[in-house]
Amino acid sequence: MKEIKIETVLTVYDSLDELPKDVISLMQKASEARDKSYSPYSNFSVGAAILLENDEVITGSNQENASYPSGLCAERTAIFYAGAQFPDVKIKRMAIIAGSKLKTTETPIPPCGACRQSIAEYEVKQDAPIEIYYMGEKGKVVQSHSLANLLPLVFDKTVL
Ligand code: THU
């Protein structure tokens, strides 16, 4: 018998201002996408912006449905579009901004498990890390150098 210890490394910035201009600009695009969120049921709006290696930026927001499970998170809306439109272009990074419409969200909101799994698929496919930045409406920003840091013990194609 042995125990396995799993560690991850994330960088936490006190505010968006501490980040390089290109990351601030990507987060700004995520914020603009968040304004287009369709979230009448949860009142929780999320925006995601993806930077591709060809410098294209793809954005998405959460899209809800009266049949709740039929809705989709912002991150998957964006990454599936990127995969559909640019299947051969690598994804460099994703910026995510999220928060309640009813109160100010100041804690960084990480992507949900299903979104992590979906982003992991593309990271494995392209064999290169996808950098993730996430934040609440304001306040701290968390950076992960790869999706793998956010999803230890990933289930991927190597097990199939
Ligand atoms: N949501 C996202 O868009 N991304 C996540 O990673 C977590 C949750 C959305 C789904 C739903 O529309 C709302 O936030 C509340 O769960």
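Is E131 buried or exposed? At 13% relative accessibility, E131 counts as buried, where buried means under 20% relative accessible area, exposed over 50%, and partly exposed in between (1.4 Å probe, protein chains only). Please keep in mind that this is a predicted model, in which local features need pLDDT of at least 70, side-chain atom pairs count only at pLDDT 80 or more, and totals for chains, interfaces and linings use all residues. Residues are numbered from 1 along each chain as its sequence is written, and side-chain values use heavy atoms, with hydrogens and water left out.

**The annotated domain**

- In an unreviewed entry, UniProt lists residues 21-158 as "domain: CMP/dCMP-type deaminase"; UniProt positions follow the numbering used here, feature names are shortened, and annotations may be inferred rather than shown by experiment.
- Over residues 21-158 the chain is 29% helix and 24% strand, with its end C-alpha atoms 37 Å apart.
- Helices (H or I, at least four residues) and strands (E, at least two) are DSSP runs, numbered from the N terminus.

**The annotated active site**

- The "active site" feature in the unreviewed UniProt entry is placed at E75, a residue of helix α2 (residues 74-85).
- E75 is buried, with a relative accessible area of 5%.
- Apart from neighbours within four places in sequence, E75 is in contact (heavy atoms within 4.5 Å) with V46, A48, M94, I96, P111, C115 and I119.

**The three annotated cysteines**

- UniProt's unreviewed entry places the feature "binding site" at C73, C112 and C115.
- C112 sits in the loop between β4 (91-100) and α3 (113-126), and is partly exposed at a relative accessible area of 33%.
- Setting aside neighbours within four places in sequence, C112 is in contact with C73 and R76.
- C115 is found in helix α3 and is buried, with a relative accessible area of 0%.
- Not counting residues up to four places away in sequence, C115 touches C73, E75 and R76, and E75 is the residue that carries the "active site" feature in the UniProt entry.

**Strand β5: E131 and M135**

- E131 belongs to strand β5 (residues 131-135), and M135 is found in strand β5 too.
- The side chain of E131 makes a polar contact of 3.0 Å with the side chain of Y133, and another of 2.7 Å with the side chain of Q143.
- A polar contact is a pair of N or O atoms within 3.5 Å; within protein, one must be able to donate a hydrogen and the other to accept it, and residues adjacent in sequence count only if both atoms are side-chain atoms.
- Beyond its neighbours within four places in sequence, E131 is in contact with K92, R93, M94, Q143, S144 and H145.
- M135 counts as buried, at 4% relative accessibility.
- The C-alpha atoms of M135 and A98 are separated by 6.6 Å, although the two residues are 37 residues apart along the chain.
- Among the residues in contact with M135, leaving aside neighbours within four places in sequence, are L16, M27, I96, A98 and V141.

- I6 is located in the segment before β1 (11-13).
- With a relative accessible area of 47%, I6 is partly exposed.
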